[in-house]
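Here are my notes for you, point by point. Have the structure open while you read them.

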Amino acid sequence: MIAAVLLLALAGGESRIHEFHLHRGMATVAISPAKASATVVVFVSTICPISDKYVERLNGLYRDYSRRGVQFAAANPNAYETWQHTESYARENQLLYPLYRDEKNQLADRLGAQSTPEAFVFDSS
């Protein structure tokens, strides 16, 4: 169901990831798809009007699926959008899911992400 609603774009990127690191403020956070039934990673931008249009839909998916063991992580890969911009965006848009920074586009490049918003769904295997 999640894959039917979100764009699953694994072509050109890794199809299996055991752990990845994102940043929240000065802290580095390790996220492991193996620790959840599924993991949804959505690349977003604080200045992208298309990302803005998906906030409510992503909040709804988070409400519906997080209680079923699906973990969500939104990642902002844009170097010119500071942590302060990212944090303000999450607060102002009342994001229910965590929003991180993808420093130096490491995860976006690893997965082959091309635009925002763009989502990747991983199972636990």
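1. Let's start with a term: a residue is buried if its relative accessible area is under 20%, exposed if over 50%, and partly exposed in between (1.4 Å probe, protein chains only). Bear in mind that this is a predicted model, where local features need pLDDT of at least 70, side-chain atom pairs count only at pLDDT 80 or more, and totals for chains, interfaces and linings use all residues. Residues are numbered from 1 along each chain as its sequence is written, and side-chain values use heavy atoms, with hydrogens and water left out.

2. How many salt bridges does the structure hold? There are 2, where a salt bridge is a side-chain nitrogen of Lys or Arg within 4 Å of a carboxyl oxygen of Asp or Glu. One of them joins the side chains of Asp64 and Arg67, at 3.8 Å from N to O. Arg67 has 64% relative accessibility, so it counts as exposed, while Asp64, at 38%, counts as partly exposed.

3. Another salt bridge links Arg101 to Glu103, with the closest N and O atoms 3.7 Å apart. Is Arg101 buried or exposed? Arg101 is buried, because its relative accessibility is 5%; Glu103, at 32%, is partly exposed.

4. Now look at helix 4 (residues 83-92), whose buried residues are Trp83, Thr86, Tyr89 and Ala90. They sit on the same side of helix 4 because they cover an arc of only 125° around the axis, the arc being that of the directions from the helix axis to the C-beta atoms. The face turned away from that buried side carries the exposed residues Gln84, Arg91 and Glu92. Helices (H or I, at least four residues) and strands (E, at least two) are DSSP runs, numbered from the N terminus.

5. What do the buried residues of helix 4 pack against? Their partners include strand 1 (20-24), helix 3 (55-65) and strand 5 (99-101). After helix 4 comes Gln94, which has a positive phi, near 50°.

6. On to the nonpolar cores, meaning sets of buried Ala, Val, Leu, Ile, Met, Phe, Trp, Tyr and Cys residues joined through side-chain atoms within 4.5 Å. The largest has 18 residues, and those touching the most other members include Val40, Phe72 and Leu95. Helix 3 gives the most to this core, with 4 residues.

Technical notes
Contact means heavy atoms within 4.5 Å.
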